[in-house]
Amino acid sequence: MATTPARRRLRELLGKRELIVAPGVFDGISAQLTKRTGHVAAYMTGAGVAASGFGLPDIGLVTATEMAGRAAMIADALGDIPLIADADTGYGALRNVVRTVRSYDAAGVAAIQLEDQVIPKRCGHLPDKQVVDAALFEQTLAAALDARSDDDLLVVARTDARAPLGLDEAIERANRYARAGADVIFVEAPQDAGEIERIAAEVDAPLLINLVLGGMTPPQSASRLQELGYAIAIHPGNLLMQATFGMLQSLCELNGSDLAAHLPNSPAGFFDLVGMAEWLALDDRYAHRDNSWA
């Protein structure tokens, strides 16, 4: 497709070298409110789409088609406001990555985010993540870069290597992915201010940082991130958690139940509100099933 005003706008914003703050959006009203309150960009949160759109936790249950459909609706609601859209692992093999990028491209997003987790993925701020070999993810990036119809559609490469392999490996992967052609680099879940500073100093690319309420990464001010040279700060959970709190409060007022009993205090606690414990129990149930013949 031809380039869009939103894509051109995101390129222009990056060129100014001023921190882009992107609230996490997940439905029509969150997109409309983000636009109407004067924000310059938005981030389509996969966790938010899974929970709000499908009542599911962010553990790889939502499909490429469902995500692309939500991306098209949100991009339309945002208009000329750039949408950075989570596409998880690309939803399968390399051919699936190509189809995913084409679908997000047609949806009108300004940037597509892909990550190096194994399938099925997990929210970046949950434990027990695993990553694929870096060379395999470089193939994913090559497929994504070739599949886009418009060079103004940015490709964001996310590595989740910090948790399973350590910060040194995450930084090494980040630089590999930048050399492979990714437009923006995203090192998921640094665990303290020192790690955030190291990433900024040692990764040679425009950087995105993910600030999840209650997550592994400590809160950072916009001014500090600007000082360090980060390009984009996404806040995927702020709107989602406020909306969830409001709904829980209203529901508990209606039947007199205890609000405190339902409030999550971590990403895992939030996902339990949409059934994560039950879904993970299914994994355990079938993993330990004895299929031997008597």
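How many residues has helix H6, and how far does helix H6 reach from its first C-alpha to its last? Helix H6 (residues 134-147) has 14 residues and reaches 20 Å, close to the 20 Å expected at 1.5 Å a residue, where the expected span is 1.5 Å times one less than the number of residues. Helices (H or I, at least four residues) and strands (E, at least two) are DSSP runs, numbered from the N terminus.

This is a predicted model, in which local features need pLDDT of at least 70 and side-chain atom pairs count only at pLDDT 80 or more, while totals for chains, interfaces and linings use all residues. Residues are numbered from 1 along each chain as its sequence is written, and side-chain values use heavy atoms, with hydrogens and water left out.

**Helix H6 and the cores**

Buried residues in H6 are Ala134, Phe137, Thr140, Leu141, Ala143, Ala144, Leu145 and Ala147; buried means under 20% relative accessible area, exposed over 50%, and partly exposed in between, with a 1.4 Å probe and protein chains only. The cover over these buried residues of H6 includes helix H5 (94-107), strand E4 (111-115), strand E5 (154-159) and helix H8 (167-179).

In soluble globular proteins, nonpolar side chains tend to be buried together. A nonpolar core is here a set of buried Ala, Val, Leu, Ile, Met, Phe, Trp, Tyr and Cys residues joined through side-chain atoms within 4.5 Å. The largest such core has 71 residues, and Met44, Leu83, Tyr104, Ile185 and Tyr230 have the most contacts inside it. A second, separate core has 17 residues, among them Ala41, Ile84, Ala231 and Ile232.

Contact means heavy atoms within 4.5 Å. When neighbours within four places in sequence are left aside, tyrosine 104 is in contact with Arg7, Met44, Met67, Ala68, Ala85, Asp86, Ala87, Tyr91, Val109 and Ile112. Threonine 100 has its place in helix H5 and counts as buried because its relative accessibility is 3%. Not counting residues up to four places away in sequence, threonine 100 touches Ala64, Ala87, Gly90, Tyr91 and Ile112.

Leucine 78 lies in helix H4 (residues 64-78), and leucine 78 is buried, since its relative accessible area is 0%. With residues up to four places away in sequence not counted, leucine 78 touches Ala31, Lys35, Ala42 and Leu83. The C-alpha atoms of leucine 78 and proline 127 are separated by 33 Å, and these two residues are 49 residues apart along the chain.

**Pockets and the cavity**

Rolling a probe the size of a water molecule over the atoms shows where empty space is left. On a 1 Å grid over the protein atoms alone, a cavity is a set of points where a 1.4 Å probe fits but cannot get out, whereas a pocket is an open set with protein on both sides within 12 Å along at least five of seven lines; lining residues have an atom within 4 Å of a point. Grid points are joined across faces, edges and corners, and a volume is the space filled by probe spheres set on the points. In the classes used below, Ala, Val, Leu, Ile, Met, Phe, Trp, Tyr, Cys and Pro count as nonpolar, Asp, Glu, Lys and Arg as charged, and the others, Gly among them, as polar.

| Space | Volume | Lining by class |
|---|---|---|
| Largest pocket | about 320 Å³ | 12 nonpolar, 10 polar and 5 charged residues |
| Second largest pocket | about 230 Å³ | 7 nonpolar, 2 polar and 2 charged residues |
| Largest cavity | about 50 Å³ | 6 nonpolar, 2 polar and 2 charged residues |

The largest pocket is lined by 27 residues, and those that lie nearest its centre are Ala47, Cys123, Val212, Pro236 and Phe271. Two or more residues of this lining come from each of helix H3 (46-54), helix H11 (238-255) and helix H12 (267-272). The lining of the second largest pocket includes Leu13, Arg17, Glu18, Pro206, Gln226 and Tyr230. The structure holds 1 cavity of 30 Å³ or more, and among the residues that line the largest cavity are Gly46, Ala50, Ile59, Met67 and Asp88.

**Backbone features**

Most residues other than glycine have a negative phi, and most peptide bonds are trans. Aspartate 88, in the loop between strand E3 (83-86) and H5, has a positive phi near 50° and counts as buried at 5% relative accessibility. Tyrosine 91, also found in the loop between E3 and H5, has a positive phi of about 70° and counts as buried at 19% relative accessibility. The peptide bond from isoleucine 119 to proline 120 is cis, with omega near 0°, and proline 120 lies in the loop between E4 and H6.
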